[in-house]
Amino acid sequence: MAIGNISNLMTSLIEVQMPDFAIIGSGAMGSAVAKRLIDHGATVLTYLEGRSEQTIVRAKAAGMVPVGRQELTKAELILSIVPPADAIKVAELVADISAMQAPPPFIDLNAIAPKTMQALAARFEGSSVEVLDGAIIGGPPVPGKSGPTIYISGDIAERSRPLEDCGLRIRRLDGPLGAASALKMCYAGINKGFIGLGTAMLLTASRSGAAESLKAELSESLPDIDRKLSRSIPDMYPKAYRWVAEMQEIADFLGEDDPAATIFRGMADVFSRMADDVEGSRVLVGQLDEIIGRPGTDN
């Protein structure tokens with residue numbers, strides 16, 4: 001056999017062996033994760049029934065393959081990457097389709113509390129579906145960077161290995177189901193809680209006439225915090241609606257006996273207010289942009 005033919009045969013075999021994944025959720029994170037997998041030779045299936053035109057366009061732009069819901073079970077892994085409020089509904093969908101066919105492992109990668117993760121896993125009781133607990137820390141994958149980091153717990157058999165082989169940074173935790181969710185809650189509580197706190201106090205400064213002085217003091221005495229708020233607050237605007245449920249999940253994670261739970265219920269209200277403003281008058285957005293000196297503002 002000619003060398004060229006051998007090379008073509010080997011290439012074909014490699015292509016055949018590349019895994020299929022299914023991702024339910026084609027938002028900014030889901031579609032970017034899909035693109036990373038696709039760029040490494042994988043096929044990514046998705047289910048788009050009832051989704052918005054924007055979501056459908058985003059999924060197709062990433063190279064995801066729309067299929068009927070039953071066809072999702074043909075994948076090697078099914079991943080859920082949706083807003084926290086939708087995590088249980090996705091699990092119920094996967095449990096339903098898995099009852100009719102030999103199911104692949106299911107990995108929940110949403111920002112939910114361990115208690116919610118346990119409730120989600122309970123949807124699969126009596127089935128043969130292997131449920132894994134995951135958490136994504138970092139922004140959507142971008143070319144040239146290795147992040148985000150995906151933590152997975154309960155993965156004794158290393159079912160997540162194909163994701164690692166296809167370009168994702170995977171870290172498996174030794175803890176039980178819920179350990180990855182707990183990590184996500186703690187990390188998000190610090191990171192997004194800080195953004196919520198900064199948003200609330202900057203808006204208060206704007207209302208009270210102290211905005212200019214506060215900005216000057218932050219720049220002088222807390223320059224790192226000033227830079228983080230100036231970068232992170234505008235980035236939060238389109239995500240605020242998703243962070244509402246995440247803050248509520250953190251409050252549930254802390255529990256009623258922890259006074260900090262009240263803080264995160266308040267943060268949920270902060271982000272809810274911001275989400276309404278982003279979709280409405282954008283008055284609050286304008287106030288924040290003016291304080292932080294975002295390009296395009298008067299400052």
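UniProt, in an unreviewed entry, puts a domain called "6-phosphogluconate dehydrogenase NADP-binding" at residues 21-156. What you have on screen is a predicted model.

Next, the cores. The largest nonpolar core has 33 residues. Those with the most contacts inside it include Leu 202, Ile 233, Met 236 and Tyr 237, along with Met 247, Met 274 and Leu 288. Six helices each supply at least two of its residues: α7 (179-208), α8 (211-221), α9 (223-236), α10 (240-254), α11 (260-279) and α12 (283-292). Which helix gives the largest share? That is α11, with eight residues.

Take Met 247 as an example. Leaving out residues up to four places away in sequence, Met 247 touches Ala 188, Lys 192, Phe 264, Met 267, Ala 268 and Phe 271.

There is also a second, separate core, of 26 residues. Among them are Ala 42, Leu 48, Leu 109 and Ile 152.

Now the largest pocket. Its volume is about 1,300 Å³. It is lined by 47 residues, and the closest to its centre are Ala 28, Met 29, Pro 83, Lys 239 and Arg 242. Where does the lining come from? At least two residues each come from α2 (28-39), α3 (53-62), α4 (87-98), β6 (131-137), α7, α9 and α10. Of these, α7 supplies the largest share, six residues. By type, the lining divides into 22 nonpolar, 12 polar and 13 charged residues.

Notes:
Residues numbered from 1 in each chain as written. Predicted model: local features only at pLDDT ≥ 70, side-chain atom pairs only at ≥ 80, totals over all residues. Heavy atoms only, no water. Core = buried A, V, L, I, M, F, W, Y, C linked by side-chain atoms within 4.5 Å. Buried < 20%, exposed > 50% of the residue type's maximum accessible area, 1.4 Å probe, protein only. Helix = DSSP H or I, 4+ residues; strand = E, 2+ residues; numbered from the N terminus. Contact = heavy atoms within 4.5 Å. UniProt positions renumbered as here; feature names shortened; annotations may be inferred. 1 Å grid on protein atoms, 1.4 Å probe; cavity = no way out; pocket = protein on both sides within 12 Å on 5 of 7 lines; lining within 4 Å. Points joined across faces, edges and corners; volume = space filled by probe spheres on them. Nonpolar A, V, L, I, M, F, W, Y, C, P; charged D, E, K, R; others polar.
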